[in-house]
Amino acid sequence: MTVSPTDLHGALDPVQRPIETARGLPNPFYTDEGVAAAEREAVFFANWSAVGFAHQAANPGDVFPLEFLGQPLLLARDRQGVLRVFLNVCRHRGMVLVDEPGNRPRALRCPYHAWCYELDGRLRTTPHVGGPGQNRHDCIDRTALGLIEVRSAIWLGVVYVNIDGKAPPFEEYAGEAIARWHEMAVDLVHPGAESAFTLDVRTNWKLAVENYCESYHLPWVHPGLNSYSRLEDHYNIEGRCFSGQGTRAYRPQIGPDGARFPEIAGLSTMWEEGAEYIALYPNVLLGVHRDHAFAIVLEPKGVDRTAEHVAILYPAAEVCEDGWSGMRSTNAAMWREVFEEDIFVVEGMQRGRHASGFDGGRFSPVMDGPTHAFHRWIAEAMARGAPA
């Protein structure tokens with residue numbers, strides 16, 4: 001089955017039905033380059049997509065270049081500590097400004113013709129623009145030629161962007177999720193490299209979301225986790241632009257000397273033994289606990305390849321100290337093992353999506369609500385972006 005943009009409305013109708021009669025997204029949504037191109041505009045650029053982490057440009061003067069679905073972007077933190085996202089190109093001839101992360105406390109200098117920009121994006125100098133020794137020209141209005149800023153927001157340590165500039169404000173877009181986790185609205189810190197890793201997975205990014213947001217697979221894919229956080233301890237979570245699962249049986253890590261990570265103060269009783277895990281659509285997977293959180297930014301690298309960028313964060317700066325390094329490493333290793341257990345599943349589903357007779361699959365009305373909610377959201381986003 002091949003779906004062209006003009007066929008999207010009909011192909012997506014079965015996905016948007018009630019869960020009892022719905023089918024999943026058709027195969028081309030996982031295998032077809034044309035659909036992926038349409039998805040780039042309608043799903044990623046038209047909404048608030050995750051591109052990186054605030055700690056990647058943690059200090060004034062820090063810059064961090066990245067590419068997101070072909071868009072060269074730059075995270076830049078100015079001298080006042082404000083983090084912005086810009087297109088990583090000079091306004092003169094479109095040269096990429098920054099190739100490597102680093103600290104640029106004075107200015108961003110284009111390596112081509114040396115136009116210089118402040119860290120807040122303002123164009124500062126234009127050497128020889130009016131001829132040798134003439135650094136100004138009446139036709140070059142510096143105030144109108146600052147770096148092109150991309151709408152951005154930060155929540156739970158993740159940097160989000162709205163490429164087309166037309167989405168509602170992030171606080172409105174993600175408002176239901178923010179309200180649900182309002183108690184987690186604390187400054188989270190990232191201790192460093194030992195609390196970050198990337199998994200390169202041979203699957204479409206959507207299958208990573210689908211697998212993450214349901215607990216149905218726990219007994220068979222995560223037997224160790226299921227031994228103390230059982231399937232029956234979990235519940236479904238569904239919102240307007242997110243879905244996932246929660247557990248009533250979270251067990252915090254205890255160090256060899258009985259130490260525990262510092263916890264967020266003043267939490268309600270649900271967090272004493274509870275934790276929640278949601279996918280905030282389209283491409284970030286979040287987990288919150290009373291003593292730490294994690295975020296996974298899914299970077300589509302191709303129709304059948306995804307980079308999963310993982311960062312583990314803590315609510316207390318003291319956890320960054322050397323005395324906590326052993327527990328930090330243990331925590332990161334535990335989560336890496338859990339996430340790696342999912343790889344064979346999402347890669348297997350990707351291979352299965354080449355089966356021409358597969359019709360998108362069916363949903364368990366009890367267990368698959370979060371997955372159906374994601375499929376429905378994708379369908380609606382794609383339908384909005386498809387020709388009438």
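Visitor: By class, how many nonpolar, polar and charged residues does the lining of the second largest cavity have?

Guide: This is a predicted model, in which local features need pLDDT of at least 70, side-chain atom pairs count only at pLDDT 80 or more, and totals for chains, interfaces and linings use all residues. Residues are numbered from 1 along each chain as its sequence is written, and side-chain values use heavy atoms, without hydrogens and water.

The lining of the second largest cavity has seven nonpolar, two polar and no charged residues. Here Ala, Val, Leu, Ile, Met, Phe, Trp, Tyr, Cys and Pro count as nonpolar, Asp, Glu, Lys and Arg as charged, and the others, Gly among them, as polar. A cavity is a set of points, on a 1 Å grid over the protein atoms alone, where a 1.4 Å probe fits but cannot get out, and lining residues have an atom within 4 Å of a point. The residues that line this second largest cavity are Leu-156, Met-184, Leu-188, Ile-264, Val-288, His-289, His-292, Ala-293 and Pro-315. About 40 Å³ of space lies in this cavity, a volume being the space filled by probe spheres set on the points, which are joined across faces, edges and corners.

Leu-156, one of the lining residues, lies in the loop between strand 9 (149-155) and strand 10 (158-162); strands are DSSP runs (E, at least two residues), numbered from the N terminus. The phi of Leu-156 is near 50°, a positive value in a residue other than glycine. With a relative accessible area of 11%, Leu-156 is buried, a term that means under 20% relative accessible area (1.4 Å probe, protein chains only).

Methods: 1 Å grid on protein atoms, 1.4 Å probe; cavity = no way out; pocket = protein on both sides within 12 Å on 5 of 7 lines; lining within 4 Å. Helix = DSSP H or I, 4+ residues; strand = E, 2+ residues; numbered from the N terminus. Buried < 20%, exposed > 50% of the residue type's maximum accessible area, 1.4 Å probe, protein only.
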